[in-house]
Amino acid sequence: MNMPVTERRQIENEMIFRRFNEKVGFDLDEIDAHHIEDGNSHLVRNDDLKLEFKCECSDENCDTRIPMRLSTYRTIHKERNSFIIKLNHEVQPIEKVMLREKGYSVVRKNHSTNEPGDILNVTSIDNSAK
């Protein structure tokens, strides 16, 4: 599907932020596996651990953190076109707000794109004042 470059770049930024957040969960899973392997199952955390996830908006300079339970984060991201963002960080042309909670929204992309590289794109989005 052809989409404007600016829209693709905004979506790619959100995918990179989501990848960063998912790595936190994967790393915790790996640590838990080591605890079990070492016979320290009492050190294994549960999925209700509250973490500070990075806002997954399009603004490459956004450094907002969203407190959320790991289990909630994983449930939201079973749908691969869903992203967590701070309230009012949505970009109307590329996404639709599916859910508003205290402190964050869940948005779904109108379109999808291939998995991006590791470098954030420069965009015109500026959420610093929101």
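This is a predicted model: local features need pLDDT of at least 70, side-chain atom pairs count only at pLDDT 80 or more; totals for chains, interfaces and linings use all residues.
Local features need pLDDT of at least 70 and side-chain atom pairs count only at pLDDT 80 or more, while totals for chains, interfaces and linings use all residues. Residues are numbered from 1 along each chain as its sequence is written, and side-chain values use heavy atoms, with hydrogens and water left out.

**Exercise 1.** Find where Ser-105 lies and decide whether Ser-105 is buried or exposed.

*Solution.* 
- Step 1: Ser-105 belongs to strand β5, residues 104-109 (strands are DSSP runs of E, at least two residues; helices are runs of H or I, at least four; both are numbered from the N terminus).
- Step 2: The relative accessible area of Ser-105 is 0%. Buried means under 20%, exposed over 50%, and partly exposed in between, with a 1.4 Å probe and protein chains only. Ser-105 is therefore buried.

**Exercise 2.** Determine which residues join Glu-14 in a salt-bridge network.

*Solution.* 
- Step 1: A salt bridge is a side-chain nitrogen of Lys or Arg within 4 Å of a carboxyl oxygen of Asp or Glu.
- Step 2: Glu-14 pairs with Lys-109, with the closest N and O atoms 2.0 Å apart. Glu-14 lies in helix α1 (residues 5-37) and Lys-109 in strand β5, so this pair ties together parts 95 residues apart in sequence.
- Step 3: Glu-95 and Lys-109 also form a salt bridge, at 2.0 Å from N to O. Here Glu-95 is in strand β4 (residues 95-101), 14 residues from Lys-109.
- Step 4: Through shared partners, Glu-14, Glu-95 and Lys-109 form one network.
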